[in-house]
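Hi everyone, thanks for coming. Let me put the sequence and the model up, and then we'll walk through a pocket and a helix pair.

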Amino acid sequence: MTEATLTDSADDTLAEAASKMWQNQTGSMLVMDGGELTGIVTERDILRVVAQGQDPKAVTLRDVMTKNPVTIPTHTKLRDAAEIMFEKWFRHLPVVTEKGDVVGIVS
């Protein structure tokens, strides 16, 4: 598990998210709203927007994020996390406490 890259606004642009992801050398960004995890954006989302000819400076995270992403609790075994990722074709899986606080991400 590593520290997750976060944003506090689903209204940030995809270009802003891409820049922040690049600076943090990560392939995903968790979208938060008042401390609550509301979505996830990945490099695949960025590629899809660019491939469709859309302007990443005009597209918001709200437009492309996966809402209410699947998460795992902190006590999840790595093998179980890997199984979820394999079954659902995920490359990024947020880790949360029992209260729902984000503590990291498994990639």
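Strand E3 (36–42), helix H2 (43–51), strand E4 (66–67) and strand E6 (93–96) each give at least two residues to the lining of the largest pocket. H2 has the largest share, three residues. Helices here are DSSP runs of H or I, at least four residues, and strands are runs of E, at least two. This is a predicted model: local features need pLDDT of at least 70, side-chain atom pairs 80 or more, while totals for chains, interfaces and linings use all residues. Numbering starts from 1 along each chain, and side-chain values use heavy atoms, without hydrogens or water.

The pocket holds about 270 Å³. Of its 16 lining residues, Ile40, Thr42, Thr66, Phe90 and His92 are the closest to its centre. A pocket is an open set of points on a 1 Å grid where a 1.4 Å probe fits, with protein on both sides within 12 Å along at least five of seven lines; lining residues have an atom within 4 Å of a point. Volume is the space filled by probe spheres on those points, joined across faces, edges and corners.

Now the helices: H1 (residues 14–23) packs on H2 at about 135°, axes 11 Å apart. Leu14, Ala18 and Met21 of H1 meet Glu43, Asp45, Ile46 and Val49 of H2, with contact meaning heavy atoms within 4.5 Å.

Definitions and conventions:
Axes fitted to C-alpha atoms, helices over the stretch in contact; angles between N-to-C directions.
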